[in-house]
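Please read them alongside the sequence and the coordinates.

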Amino acid sequence: MLAILLGFGLLGEGSAQEGLTADQLRQTGWEASRRGAFSEAIVRWERAAQIYGQAGNRGAEADLLAQMADAYAALGRYAKAVEYFDRA
């Protein structure tokens, strides 16, 4: 609710993701991940996690940090995966 009141989900001007909510970014990240587009998923999940964190939704933020860790591992970026697991 707080996130809706704050108008969360807005990205920088000119972004293809402009105006998407955290939930939408989360969903499109999962869709990208299922296609094997892990870098795209990470970008979307990173922004969604920021929005959830700003809104105080620590559970959703932690879930996305863990998802990003899995995506980094799938890309072979193991040090980055460990970093995100630690943050989750």
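1. Over the ring of which residue does the charged end of R87 sit? In this predicted model, the charged end of R87 is placed over the ring of Y84, at 4.7 Å from the ring centre.

2. Y84 deserves attention for its other surroundings as well. With a relative accessible area of 5%, Y84 is buried, since the cut-off for that class is under 20%. Leaving aside residues up to four places away in sequence, Y84 touches E46, L65, M68, A69 and Y72.

3. The structure holds one aromatic pair, formed by Y72 and Y84, whose rings are tilted, with 5.2 Å from centre to centre and 40° between the planes. Because Y72 belongs to helix α4 and Y84 to helix α5, the pair ties together parts that are 12 residues apart in sequence. Y72 is buried too, with a relative accessible area of 7%.

4. The largest nonpolar core has 19 residues, of which W45, A48, Y52, L64, M68 and Y84 touch the most other members. Two or more residues of this core come from each of α2 (22–34), α3 (38–55), α4 (58–74) and α5 (78–87).

5. Helix α4, with 17 residues, spans 24 Å from its first C-alpha to its last, close to the 24 Å expected at 1.5 Å a residue. The buried residues of α4 are A60, E61, A62, L64, L65, M68, A69, A71 and Y72, and what covers them includes α2, α3 and α5. After α4 comes G76, which has a positive phi, near 80°.

Definitions and conventions
Residues numbered from 1 in each chain as written. Predicted model: local features only at pLDDT ≥ 70, side-chain atom pairs only at ≥ 80, totals over all residues. Heavy atoms only, no water. Core = buried A, V, L, I, M, F, W, Y, C linked by side-chain atoms within 4.5 Å. Buried < 20%, exposed > 50% of the residue type's maximum accessible area, 1.4 Å probe, protein only. Helix = DSSP H or I, 4+ residues; strand = E, 2+ residues; numbered from the N terminus. Contact = heavy atoms within 4.5 Å. Phe/Tyr/Trp six-rings, centres within 6.5 Å; stacked < 30°, edge-to-face > 60°. Lys NZ or Arg CZ within 6 Å of the ring centre and 35° of its normal. Expected span 1.5 Å × (residues − 1).
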